[in-house]
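Student: I have a model open and would like to talk through its architecture with you. Shall we begin?

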Amino acid sequence: MMALAKLHPRAGLWQTTAPVPEIGADDVLIRVNKTGICGTDMHIWHWDDWAAATVPVPLITGHEFAGEIVEIGRNVEGLTLGQRCSGEGHLIGKTSRQSRAGKFHLDPGTRGIGVNEQGAFAEYLRLPAFNVVPLPDSIDDDIGAILDPLGNAVHTALSFDLLGEDVLITGAGPIGIMAAAVARHAGARHVVITDVNPDRLALAAQVTDVTPVDVRSEDLRDVIALLRMKQGFDVGLEMSGNAAAFDQMVEAMTMGGRIAMLGIPPGHSAVDWSRIVFKALTIKGVYGREIFETWYKMIAMLENGLDVSRVITHRFAARDFAAGFAAMADGSAGKVVLDWRG
Ligand code: NAD
Ligand code: ZN
């Protein structure tokens, strides 16, 4: 089968031919139709320090996918050949205290497809049946291929009650933009999104009803006054991984505000803890998606009017993957989807 793999420990990905994976008794084989390119895939492409320390070579990369089941292991029940699906790319253990408590997303032994194990940038993917998420007909393969990052957005956004709340999102990357759409869908009052990239802010406004703020030229205090908030934002969703953005968020929160942090700041960043204490803020770190509650919620929302389709700005055939990665590197793209059929 055709696959994209990290074949050498340096920048780039290479198109290669690999054997179709053999499945075990508890697995399924998925024919991949579409895949999304993630920021994680960019780190792997660029072979930064994190990638070099984490990713084995050779490895088929990619973890955002939609496809259909073409082979079923002998122990698997409840799945059928031809079933359209996406799936959770975090492979969890079942013996940790967290897993045994049903908190699968907190299993400390989690391994990722396309990061630690063979991934989805391929014509076929082996996946434990446990990880399969069947797709209803109303969710097409393009959306199916971005459910993984939509899940990050949903998990983060639904960390706190949003109904009637004023929500600040820092970082209008694909996940921040999808989180804005989710916050709207969940009944937030005002949703404000910040970035330093005008293309990303323009895309955010195309995807959902949001107030875009370019923090290079605009002041969040003016936005708070303009939108007639009394003190500041009730809920913050940090989705930039930028320390300055987090600082601005803390400044713009109301007393007792709640912040969910998905963005990953580089290394040790300075934080003014006294402001967090005196504002009595709650801060929650968010990792991945809740397995499988986030999947349930996002599919329910998609079936009930949540529309994130415009966040997909580029589509390429898988063999043109280099153009897809170039679009990602350009910084103005939303989600980039690769087509593996034909
Ligand atoms: P992205 O890099 O595409 O988007 C980040 C955005 O933040 C960019 O548009 C950038 O211009 C913007 N930004 C930079 N400086 C800013 C500032 N000072 N103020 C406001 N915005 C600023 O990333 P993404 O794919 O949308 O992911 C969002 C974040 O979530 C990343 O940090 C990513 O590493 C992280 N992430 C975490 C998890 C997890 O499990 N915790 C999972 C996926 C992604
Ligand atoms: Zn991803």
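Predicted model: local features only at pLDDT ≥ 70, side-chain atom pairs only at ≥ 80, totals over all residues.

Student: In what order do the 6 strands of the open sheet stand?

Tutor: Residues are numbered from 1 along each chain as its sequence is written, with chains lettered from A and ligands numbered from 1 in the order in which they are written. Strands (E, at least two residues) and helices (H or I, at least four) are DSSP runs numbered from the N terminus, and two strands pair if DSSP finds at least two bridges between them. The pairing here is parallel, and the order is β13-β12-β11-β14-β15-β16.

Student: Why is one side of β13 and of β16 left without a neighbour in the sheet?

Tutor: β13 (211-214) and β16 (282-285) stand at the edges, so each has a single partner strand. For β16, strand β15 (residues 253-261) pairs with it in the parallel sense over 4 bridges. The open side of each edge strand therefore comes from having just a single partner strand.

Student: Which residue of β16 is the bridge partner of R258?

Tutor: Look along the parallel pairing of β15 with β16. The bridge partner of R258 there is T282.

Student: How far apart do the C-alpha centres of domain 1 and domain 2 lie?

Tutor: The chain is divided into domain 1 (2-146 + 308-339) and domain 2 (152-285), with bounds from an automatic or database domain assignment. Their C-alpha centres are separated by 28 Å.
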